[in-house]
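I opened my notebook to get to know this structure.

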Amino acid sequence: MNVIEVKNVKKYYGDVRGVENLSFEVEEGEIYGFLGPNGAGKTTTVKILVKIIKDYSGDVKVFGKNLREWGKEYYQKIGVSFEFPAVYSKLTALENLKFFASFYKKHLDPVDVLKMVGLDKEADQLVSGFSKGMKKKLDLARAFLPDPEILFLDEPLEGLDPESARKIKDLLLEMRENGKTIFLTTHNMYVADELCDRVGFIVEGAIRLVDNPKELKVKMGKRVVKVEYIANGDVDIKEFPLEGLGRNEEFLNIIRNYKIRRINTEEPTLEEVFLKVTGRRLV
Ligand SMILES: Nc1ncnc2c1ncn2[C@@H]1O[C@H](COP(=O)(O)OP(=O)(O)OP(=O)(O)O)[C@@H](O)[C@H]1O
Ligand SMILES: [Mg+2]
């Protein structure tokens, strides 16, 4: 079942295109990622989906209902975090969450949510003294607070160190296991690759391709096997087509008679796939 349906959406900022001819669907319980370079329209899309931008044309349905018909109750069902954290610096981390919690009919325990993102020790510190990454974690905590059905996360891992990023990634994967739907944006192909069930390549305001990242890499792969072996004391490398490999005499000769250092199929990176499909680099 699709929980988000976007059809032919267009938003211009004056003469500047935000998104145009934008259409895509997100299924319930999946992690769907928008992968695209700066200025592609990722943040614009999130702003439309969370009703910050209203002057767009086209149709958006969330939970089967036109977005324009959703009222305040929409915010109980979604959690949102933007690229730039929106938290109060004069309050402590816990005070921030308690404040945001007051807007919801039901919400998780702020103390638990701080723990989830790894900020429990900093709960009583003023946010004014927080580092960029700490603010990001608090902002994510704010998004998780209403225990929403859909999470809209704009660049959720931006500015996090590897260990913190790991923690958040695991958390998102766990949330997906628990049936939540996650829409995220990124220009980091590793994030898209690791987290997303499907990625949409967005360039210049529209989607060029949607697929599972692992399948994309296989489809776009060179379908060759690379063999690294030692011949007369030197390292030699040869590539063979995967098709008919078992009957390829040269390949068979090498693996029978030489010391093999490495055999692997050549897999393109998501970045290479992106470049091939869109003609654009990710960063
Ligand atoms: N408030 C605004 N006023 C004018 N133009 C805007 C505004 N917000 C976005 N744009 C323009 O819309 C286009 C899409 O921007 P958007 O912020 O959606 O890109 P993005 O994919 O999120 O990029 P990034 O990776 O840099 O965050 C860009 O050309 C940008 O300059
Ligand atoms: Mg953005």
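This is a predicted model: local features need pLDDT of at least 70, side-chain atom pairs count only at pLDDT 80 or more; totals for chains, interfaces and linings use all residues.

I began with helix α3 (residues 93-101) and helix α4 (residues 110-117), which pack at an angle of about 125 degrees with their axes 9 Å apart. Axes here are lines fitted to C-alpha atoms, for helices over the stretch in contact, and angles run from 0 to 180 degrees between N-to-C directions. Helices (H or I, at least four residues) and strands (E, at least two) are DSSP runs, numbered from the N terminus. I noted α3 and α4 as therefore oblique to each other; angles under 35 degrees count as roughly parallel, over 145 as roughly antiparallel, 65 to 115 as roughly perpendicular and the rest as oblique.

Next I looked up who touches whom: Ala-93, Leu-94, Leu-97, Lys-98 and Ala-101 of α3 meet Pro-110, Val-111, Val-113 and Leu-114 of α4. Contact means C-beta atoms, placed from the backbone, within 7 Å.

Residues are numbered from 1 along each chain as its sequence is written, and chains are lettered from A and ligands numbered from 1 in the order in which they are written.

Then I turned to ligand 1 and found 13 residues around it, the closest being Tyr-13, Asn-38, Lys-42, Thr-43 and Thr-44 (near means a C-beta atom, placed from the backbone, within 6 Å). Which element gives the most to this shell? I found that α1 does, with three residues.

Last, I noted 10 helices and 13 strands in the protein chain.

Note on methods
Two residues are in contact if their C-beta atoms, placed from the backbone, lie within 7 Å.
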